[in-house]
Each structure stands twice: as C-alpha cells, then as structure tokens.
Amino acid sequence: EGLGVPTAWTTRAPATFEGGDFIPAGEFALIGLSDRTNRQGVDQLLRHGLSYDEVVVVSKPAHPLIAGGYDPMLYMHLDTYFNIPGEGLAVGAGTLIDNTNVQVYVKMGKNKYRLDEAASGVSLAQYLKQKEFNLIKLSTFEQLAYAPNFLTLDDRKILAVDSERNIKTTLAKIQRLRAVDPHKYAAFCDQAMYEYNKLKAARDLFPRKKELEEWGVDVTPLDLDALTGGYGAARCMVAAVKRG
C-alpha cells in the first residue's frame with residue numbers, strides 16, 4: 001500500500017503462502033511447495049494473483065542423505081536452497097535442486113493456467129538448463145549457512161550472507177543435528193563436514209566463490225548471524241514486488 005501497488009490476492013484458509021517460496025524470473029515465476037506454502041495456496045495464486053506466461057511449481061525437496069528425505073527446518077522456503085542473482089544465472093544447493101521435481105503451468109488466458117505434462121516431472125536443475133540458465137551449485141554446508149538466501153539488488157549484484165563469519169553457528173547446527181538424531185542425520189552431517197573442510201582448504205566458501213567472480217556477480221557480504229539464527233537471511237527481510 002505504501003508503494004501504491006494494489007494487492008492482487010490474499011490467500012484464504014485453508015490456503016497458506018509465504019513470500020520465501022516465490023521467485024519471479026521475468027516471463028516465468030517459481031513457487032515452492034513447503035510446510036509454509038501448501039497446494040491450496042498455489043492453486044489460489046494461479047486463479048487470482050499471477051500474470052506470468054509460465055508458472056513453475058517446485059515440489060518439496062528431498063535430501064538423499066537424510067533418513068526420510070525431508071526436514072522443513074533445514075530448507076524452510078524455496079529461497080533457502082535456490083535463488084537467482086542475475087539474468088540467465090541461478091544459484092542452488094546442488095543436492096536439493098537435483099532432487100526436487102517441477103510442475104510447469106502455461107498461461108491460457110486471464111488467471112487461467114494449464115498443466116504442461118510434457119514439460120513437467122523433471123528436476124528443478126533440469127528445468128533451469130532447459131531455460132538456458134547457467135547453474136552455480138552450492139554444497140550442503142553452504143546451504144546450511146543460508147548462502148542461497150541472498151538479496152538481488154540488480155542484475156548480478158547481490159547482498160549475501162558472509163558464510164565465513166557464520167561458520168561457528170553452522171558447525172554448531174551440524175553437531176546439534178547429529179546429537180538429536182544420529183540415525184536420521186549422521187550421513188548428512190558427515191557430508192556437510194567433508195564439504196566444509198574441502199571448501200576451507202580451497203578458500204572457495206560462498207560468497208567468495210570463484211564461480212561467482214567468473215560469472216561477474218558483484219557481492220556485498222553481510223554479517224547476518226542474528227538473522228540466520230531465525231532460519232532466514234537477506235532475502236527473508238524483503239518481498240520482491242517487481243523484477244525487470
């Protein structure tokens with residue numbers, strides 16, 4: 001209201017929807033299914049609140065190293081494991097975007113969408129490659145440190161969590177998971193620690209990754225330790241109203 005932008009739609013129970021599960025990408029948009037955004041919320045958005053030519057509904061991700069696969073407190077929203085820093089470039093936790101599938105809806109008219117069955121059923125990573133996006137895949141450790149939850153200010157210009165200043169908190173989270181449920185999290189924690197030691201040795205921890213520099217991404221690192229303790233970071237502080 002303060003910006004003079006009209007509200008397109010307000011979800012109504014039993015629908016739920018949170019902004020962290022919505023990522024606009026020009027002619028298409030992505031909506032993540034999570035414990036915070038349910039199927040009814042997605043359906044209401046498709047009927048009332050979207051004008052994109054294509055809408056991609058991303059299923060809940062599954063991590064193969066977690067018993068049962070899913071833990072909503074580790075990847076609460078789509079933007080805790082996936083984000084877009086600029087035109088034709090995406091950043092995501094590799095294991096998660098390789099293990100979550102998409103449903104692709106194409107616009108048929110005002111507030112009318114049709115499921116494109118031929119385009120659906122692929123992983124999020126595969127879909128993005130079909131869209132000719134270049135992918136920067138992050139490790140499990142970087143995802144735990146909220147590396148993908150950056151704020152895109154302009155094309156390839158982002159505000160990001162300074163993961164190096166957040167290492168102690170992330171390591172403590174890993175140890176806590178292992179202590180709470182060794183059977184469920186042991187393999188996951190082992191992998192995260194292996195990745196941490198490898199990234200530390202190579203000095204390639206997000207946001208000081210060589211790939212970001214190679215793709216021309218201008219990064220401003222911020223100490224957001226107080227925010228990550230609440231399961232969010234830079235992007236969680238804002239809402240994307242318009243892009244492009």
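The legends below describe close-up views of a predicted model. Local features are given only where pLDDT is at least 70 and side-chain atom pairs only at pLDDT 80 or more, while totals for chains, interfaces and linings use all residues. Residues are numbered from 1 along each chain as its sequence is written, and side-chain values use heavy atoms, with hydrogens and water left out.

**Figure 1. Overview of the chain, with eight helices and 11 strands.** Helices (H or I, at least four residues) and strands (E, at least two) are DSSP runs, numbered from the N terminus. The C-alpha trace spans about 55 × 40 × 35 Å along its principal axes. The radius of gyration is 18 Å, which agrees with the value near 18 Å for a compact globule of 244 residues; it is taken over C-alpha atoms, and the globule rule is 2.2 Å times the number of residues to the power 0.38. Of the 244 residues, 49% count as buried. Buried means under 20% relative accessible area, exposed over 50%, and partly exposed in between (1.4 Å probe, protein chains only). Among contacts with a separation of 6 or more, 70% come from residues 24 or more positions apart; a contact means heavy atoms within 4.5 Å.

**Figure 2. Helix H1 and its cover.** Helix H1 covers residues 39–48, and its buried residues are Gly41, Val42, Gln44, Leu45 and Leu46. The cover over these buried residues includes strands S2 (28–32), S3 (54–58), S6 (102–109) and S7 (112–115). A salt bridge is a side-chain nitrogen of Lys or Arg within 4 Å of a carboxyl oxygen of Asp or Glu. Aspartate 43 and arginine 39 are four residues apart in the helix, a separation of about one helical turn. An α-helix has 3.6 residues a turn, so residues three or four places apart point the same way. Aspartate 43 is partly exposed at 27% relative accessible area, and arginine 39 is partly exposed at 27%.

**Figure 3. Histidine 48 in helix H1.** Histidine 48 counts as partly exposed, with 33% relative accessibility. Apart from neighbours within four places in sequence, histidine 48 is in contact with Ala8, Trp9 and Asn111. Asparagine 111 sits in the loop between S6 and S7. The phi of asparagine 111 is positive, near 55°, in a residue other than glycine. Asparagine 111 is partly exposed, at 27% relative accessibility.

**Figure 4. The salt bridge between lysine 60 and aspartate 35.** The closest N and O atoms of this pair are 3.1 Å apart. Lysine 60 lies in the loop between S3 and strand S4 (82–86) and aspartate 35 in the loop between S2 and H1, so the pair ties together parts that are 25 residues apart in sequence. Lysine 60 is partly exposed at 39% relative accessible area, and aspartate 35 is partly exposed at 44%. A search of the whole structure finds 12 salt bridges.

**Figure 5. A salt-bridge network that links Glu142, Asp204, Lys209 and Lys210.** Aspartate 204 is buried, with 15% relative accessibility, whereas lysine 210 is partly exposed, with a relative accessible area of 46%.

**Figure 6. Asparagine 134 in strand S8 (residues 134–138).** Asparagine 134 is partly exposed, with a relative accessible area of 32%. Its contacts, leaving aside neighbours within four places in sequence, are with Gly88, Leu89, Ala90 and Trp215. Asparagine 134 and tryptophan 215 are 81 residues apart along the chain, and their C-alpha atoms are separated by 9.2 Å.

**Figure 7. Backbone details: two cis peptide bonds and a positive phi.** Most residues other than glycine have a negative phi, and most peptide bonds are trans. The bond from alanine 13 to proline 14 is cis, with omega near 10°; proline 14 lies in the segment before strand S1 (22–25). The bond from phenylalanine 206 to proline 207 is also cis, with omega near 10°, and proline 207 is in the loop between helix H6 (182–202) and helix H7 (210–214). Arginine 156, which is not a glycine, has a positive phi of about 60°. Arginine 156 is in the loop between strand S9 (151–154) and strand S10 (157–161).
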